[in-house]
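Hi there,

Here is the structure I promised to send over.

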Amino acid sequence: MISDTTIMLDWLALSLVGFGAGAAAALAGARAPKLARVGAHLGALFGAAAALIFAVAGLAGGRMQISLPELFPIGGVALGVDRLSAFFILVVALAAIPASLYAIGYTREYAGRHSLAGLGVAFNVFIAAMLLVPLARNVLTFLALWELMSLASYFLVITEHEHDETLNAGWLYLVMTHAGFAALLLGFVLLAQAAGSMQFADWSAAGSQLGGAAHDLAFVLLAVGFGLKAGLIPLHIWLPRAHPVAPSHVSALMSGVMIKLGVYGLVRVAFDWLGAAPLWRGEALLLAGAVSGVLGVLYALVDADLKRLLAHSSVENVGIIVINLGAAMLFQSSGLPSLAALALAAGLYHTLNHAAFKSLLFMGAGAVLQATGTRNLEAMGGLIRRMPQTAALFLIGSLAIAGLPPFNGFISEWLTFQGLLSSFQISRHTVNLIFVLGIAALALTSGLAAACFVRAFGIAFLALPRSAAAAQAREPGGILRAAMAWQALACIALGLAPALLLPALEATGFELLGAHADLRFNAMGVAAGGGFGAVAPLAIALALGVFLAILIVALRWLGARRGARSYETWGCGRALQMARFEYTAAAFANPFARVFAALYRSVRNLDIEFHPESRYFVRAIRYRNEGRLIFEDALYRPLLRAIEAGARRARVLQSGNVHSYLIYILATLVALLLLTP
Amino acid sequence: MSAEVVSRLVNLLSFAALGLTVLLIVRIRLEGQVRAFAWQSLILAALSMLIAVYSGSLELFGVGIALFAVKVVLIPRVLDRAVAKIGLSRVAAPYLATAPALLICALLVTVSFYVMAPVAESNPLPTADALPLAFAGVLVGFFIMVNRRRAVTQILGFLMLENGIFQLALLATYGVPFLVEMGVFLDVLVAVLIMEVFIYHIKDNFDSIDVGELGKLKE
Amino acid sequence: MEHPSTEIAIEIAQLGLVGLASPLLVGLIRRMKARFQGRRGPSVLQPYRDLRKLFSKEVVVSENSSWIFRFTPYLLATTMLVSALIVPVLAATGAFSFLGNIIVLMYLFLLGTFFLALAGLDAGSAFGGMGSSREVAIAALAEPTVLIAIFGIALRAGTTSLDGMIVRFGAEPLLMLNAGHLLAFIAFFVVALAENGRLPVDNPATHLELTMIHEAMILEYSGRLLALVEWAAAMKLFLFLTLISNLFFPWGVALSATPVALLTAFLALALKLGIFAAAIALLETAVAKLRLFRVPELLTGSFTVALLAVATSFF
Amino acid sequence: MILASLLLIPLAAAGLLALARGRKTMEMLHALASLGTLAAGAALAAQTSSGAPLAAGDLFRADSLSALMVVIVTFLGALAALYAIGYLRAEPDAARPATVRLFFALFHLFIFTMLVAVTTDNLGVMWVAVEGTTLATVFLVNLRRTRASLEAAYKYLILSSVGIALAFIGTSLLYYAGAKAGELAVQWSALHAAAGSLNPEVARLAFVFILVGYGTKAGLAPMHTWLPDAHSEAPAPISALMSGVLLNVGLYAMLRCKIIVDGAAGPEFTNRLLVGMGLLSLLVAAAFLVRQRNYKRMLAYSSVEHMGIVCLGLGFGGYGALFGALFHLVNHALSKSLLFILSGNILLQYHSAEIADVRGLLRAAPWTGALFLAGIVALIGLPPFAPFMSEFLIFRAGLERYPWAAAAALALLVVVFAGMLASVNRMLYGAPPAAIAPGDRLRMWLAPLAANFALLLVLGVSLPAPFEDALRRVLQILGA
């Protein structure tokens, strides 16, 4: 069958062949842009498709092992698969397929401006590394693939390197990632030392043998390392910079998929490697998720850069996922494994969902970017008429990400709420209160997310165009639309039929936690926790459809007046309707900016230029309201400043004076001689 | 000769050698400094002869002669030539005034005794008592390199340091094997010749041989 | 359990009740408010007349707007009708309660709000945008209160299914004799006011542009579309008040499909809604509209109440 | 025989080149000699692959450790030699025939001294040879005869000579310790055999001198101060050899002595010193790699950093760390020589060593840019290149034995990473200045660099058995 070991190996090999061929085509196309563009991305598409089949086989229980001791020192390359790995490969593949397709069309305009060969190679390496990371079965394999993934994505991020903003973002991204890598390395070595093995398989048994403080330290280090990749606040600052400047198909993969591998690591740490956990860890994760959720969406809400808005929203969604992980840990520590499995399933479901709608939205944003040449919401508007299909697809993504029924985001948020609301079964007051905070944060997050995407979609696509470029926008090519349609279909399918995926998630949870999730599902819907709650998305969708039809028919039948007259918008008596009278993105966000002023720490800057003749005539009003990110101000800038100040001060050492250099040698010699026993 | 006598003589000569190193701190004129170095080398040559006689080592004789040729005759001549060619600025300018510099010398001599005492104690050779003096010569030579601005003095400091090291090896083990010793002399000679060339280059380029002015390469 | 067809019949009856009686509730509130303010006020049937008139008037649509603008009223009304299937209006034996629990209900409301806010932006008028912005802000800020209040109820009822909650509270009324329950009620009620655009959050009667929220958002609507929006708003109010009535005061809700029980339920609901209508009318007479930026304070207050409601349940 | 040809080829070449006339002749002779040396080096490596040392009298003895160094010296020597031919043709400051002759002659003398240093059994001769490397290179550093190069060369000469002199004290002390043990010789093999009976106190003292002395040559902080000046002012092929090879020779000399001292006094003492030195080197390098303005100095400071890492590996001790340290030594040599040679190309194209003046390298010179990028990626420790592996090995062992030092070093590596990446980003990307003529310089002469690139890549993903065996034999000498 499909899950047969050798067949699985074949699929994996086939997938890698695809990426290899893609990279080779890209290199071969150094002088033939079209070959590079189409060949590289077709290779990636093929590789991702094969990986998808591999993932399905893995979720069906397929197993395989690869051990290549001759490759790396100590232990060689070790790959293996379990359901959790297979699930994350599924996530990667599901987003990589449309992203590769999209890239064929999207990179067309890069020809001649950027190296398509480099882009193609990095793209293939990036996806291949993401697919292999969950398969890694020993420390070195994991770390090498992990860094390779970061490096490849870094090259992709800085594709448009003629802008300083891009280079700076790329720098911040790779440096942060590398810092995370250092944390991971430390954590891994701690664990490896305790377990006496670099093989992950030996850890689940030995993790709990690690002494208290070392155990805690290993958890903190690994959580920081993986949390950084996942974009958890306050480790997220690279994310809203790097994701927007990358080419859109890459943004789609980074936001949709790559950060999920951080989630993968967190799941492994929490439920596989470290063994039983004290309560504070679950509490810490839950709170970190809550903070990420709320702050992420708050930053998204006020951002005028469409792609950065999406990036901030990724922080939010990772927050939601991590809330689930924290909840699962707390349930497990409290002896409620089936609820833990429920929360884990919810978190994993949201992982896949976010991959689907976030990559859809980034691809939509990319289409808008190519059509209008801007990422600035204030320069968009009215696109729904110029690019109706893109608009419809973006709307689906927006509804899904806002967690509205019957789309996929709703299902995972619903499952999350079921898990969180079930927390009253824990009888420990501190934990209960943590959960209450989690519920409130998640509720606020989802409300704000809805507001955020009303703004994003409404300002970008509705009303009148706010710039000449927006007025001239054109629908993107068929390939781009097909790629987006794929993801939109995924959003709908995952929303309407959770039973498609839930059995696999259930089995994954069982593999990790040894307990079945408190879930029942059928074609219509899902029920959690016995009679605790149920939802039937398919039925809701049907009901919505049926009532809508009935309503339309009934209105006609009852004789309501039909048709409509087009006329200009009521403008309070003004003669002219112009885009400048429209509500702006900044204005839309204003209530939030005021309510959460303390969090935004915005620097308001009002600059009025009066007519020289009289102050009653105003020539121009410039209003700037920049939100500054708390954590950059409070955490990173001081650190950076301290390092730079230290480096500046150290410059004195290299004074250029040979006498002082001699003094260093003399002093070192004398000091060492005196210290020598 | 008895070990006792040798020990006394060695100590005496070592004191004299160290004294000449310290003299470099006090001496202002470059010619005088070169003389001090030549005298010190002569003392070391005598020292190696003395030990050669005591230990009956023919090799050490050779070393003494080579030392005389290289450090008493050749190198001082090279340096004199350099000093003459530079002409100007014969006055060497130290960073520290003489008094504090001497104080630091005293400190370095103390350090040297502290560091070398265990080696000297564990050593059965009659020459070993003077080991700290030799090492003090190394440290003081080093200090002169640090303290003096003029390239020539810096080179002299280096040579004094080199002398101290030679002396150290001589006292501790009656010198390292002949071949190595010859290699070292060759290196020192070549180094001095190269340094001489550099002094001219510096003089040409910077109109001064104050190496403190070589400060363009910095962060 | 009854025969499924009976249950379906009940559901259809409930649906009809919500659809048909909701304008009456609005009329009732207006009338009572007028009386409290010393006016005669319009007839309680006035909303029906308004709707009929609107349905027959010409629809004028902004030339800047898109299909979203035209689609939204239909969707809005549809979400309310689907919600009516979920909310136990008369009986807690819902044939359609499998559709979803109280969370689904809240998200269905949010779906309507989402589209209405988009429609507000669609015409490109500054007022619509302003209304949208404020509406979603209030909806978002109300969300935590709703969920915490739900948690407060769910942890006592042991379920998030609406029918389940009512059955449980009906069977064990002592569960409700709890400060937490009362606090949850207060929180929920405040949210209901905010979500339905009532005072002190929004004044449903104003047409002064700068203070409007809901009305500003739907400013561009006319004719048939406006009628649908108004109808949907009425249904939302009706559903919210019904929900609060039946959740916190479950007496009278039919637990079986007998005619007597249903009749009792109907009368009980009428009584409860009448009381709520009076309460709202009284409230709207007594208080002034809050400044927009005071609204968060109100919502924070209700959130705190909800939090207290939950906390008291644990200790 | 092999040993003799290995040493005589460069020596003879140096002599012949000093007398040669005609540029073509000199270039020919130079290339042939380099390749001949390389062949002799390879033969020596093959000879010692059985594990038995190759000896020639008392003076010369090549074991696996020597063979490793010989291979590094001859391989990178040949690489730099080939590039040097092209570079000297293009470098306007080195146009005079006398300069060219001086360069070629000293180049081979330099190789010769390094080869003597790594193949001699006599610690005294080793010292003489190491000092000889300084003397051979000092004029090479000053080849361009600018004020800056003069300054750099002078500092290099003074500081290295002083440092080396201190190492001589250490050598004599070892000799003394050995003499007391009854073995009156400076033979490394004899001392090694008698290490157990040496006076530990004297051995420790000796090591302090050795560490400071050879450490100066190896560019360990705070004795490294000459290094950024000399490495940045020397012509590119010489910088490549100084950074890629000469530093390793300094480290090699120290390592030889460490083996003996460890035998006498136990490894704890030397290890702690090396860890401290390594950490300090990393710290200093990190400070100067943040916002570095000159790319050749950046590469030089990065050498200080990597020597620090190797020191850490040697100091951490144990099989894994030592293996990693030797592996890293090779990797650093490969990547740094690659980068310094490319820096020559960049200098020829942009006429400036300032990072601020170099932009859009990838566009202006695609091959140079791509190779430079690969070298930097390797150097900052990212896969799929070999330094990632060696650093992993070092830190894995380090975190077990010296967790705080290793953790601190890791943190410093992140700072280094950040600093270098920022500098290199500026250089590689963006649009090149309008005044820069596009196109790779000396394109054909870059071809040999493919070997560096390929080796870094191959060693990064696999550990070929011959290489692993070679390192393993070296580890036996190190006693791990």
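Going from the N terminus, chain C of this predicted model runs α-α-β-α-α-α-α-α-α-α-α-α, which comes to eleven helices and one strand. Its radius of gyration is 19 Å against the 20 Å that the globule rule gives for 315 residues, so chain C is as compact as a globular protein of that length. Along the principal axes, the C-alpha atoms of chain C fill a box of roughly 55 × 45 × 40 Å. Of the 315 residues in chain C, 61% are buried. If you take the contacts in chain C with a separation of 6 or more, 78% of them are between residues 24 or more positions apart.

One pair to look up is A:Tyr567 with its bridge partner C:Ser62 in E1(C).

Around that pairing, what does the contact between chains A and C take from each side? Chain A gives 67 residues and chain C gives 70 residues. On the chain A side, the elements that supply two or more residues are these:

- helices H14 (383-386), H16 (408-421), H17 (429-461), H21 (537-557) and H22 (585-595) of chain A;
- strands E5 (533-535) and E6 (565-567) of chain A.

H17(A) has the largest share of this side, with 16 residues. By class, the side of chain A that touches chain C divides into 47 nonpolar, 14 polar and six charged residues.

Chain A also touches chain B, in a contact that takes 13 residues from chain A and 14 residues from chain B. There the chain A side has seven nonpolar, five polar and one charged residues.

Now to chain D, which has 19 helices and two strands. A compact globule with 480 residues would have a radius of gyration near 23 Å, and the 21 Å of chain D agrees with that. The C-alpha trace of chain D spans about 70 × 55 × 45 Å along its principal axes. Buried residues account for 71% of the 480 in chain D. Among the contacts in chain D between residues at least 6 apart in sequence, 80% join residues at least 24 apart.

I also picked out one residue in chain D for you: is D:Phe327 buried or exposed? D:Phe327 sits in helix H13 (residues 318-350) of chain D. It has 26 C-beta neighbours inside 10 Å, so D:Phe327 counts as buried. Apart from neighbours within four places in sequence, D:Phe327 is in contact with D:Met389, D:Ser390, D:Leu393 and D:Leu471. D:Met223, in turn, is 104 residues away from D:Phe327 in sequence, and the two C-alpha atoms are 24 Å apart in space.

Last, a word on confidence. The model scores ipTM 0.92 and pTM 0.93. Chain D averages a pLDDT of 92, and 99% of its residues score at least 70. Within chain D, confidence is lowest in strand E1 (residues 54-56), at a mean of 87, and highest in helix H12 (residues 295-316), at 96.

Notes
Residues numbered from 1 in each chain as written. Chains lettered and ligands numbered in written order. Predicted model: local features only at pLDDT ≥ 70, side-chain atom pairs only at ≥ 80, totals over all residues. Contact = placed C-beta atoms within 7 Å. Nonpolar A, V, L, I, M, F, W, Y, C, P; charged D, E, K, R; others polar. Helix = DSSP H or I, 4+ residues; strand = E, 2+ residues; numbered from the N terminus. Rg over C-alpha atoms; globule rule 2.2 N^0.38 Å. Buried ≥ 20, exposed ≤ 12 C-beta atoms within 10 Å, placed from the backbone. pLDDT = per-residue confidence, 0-100. Pairing = 2+ DSSP bridges.
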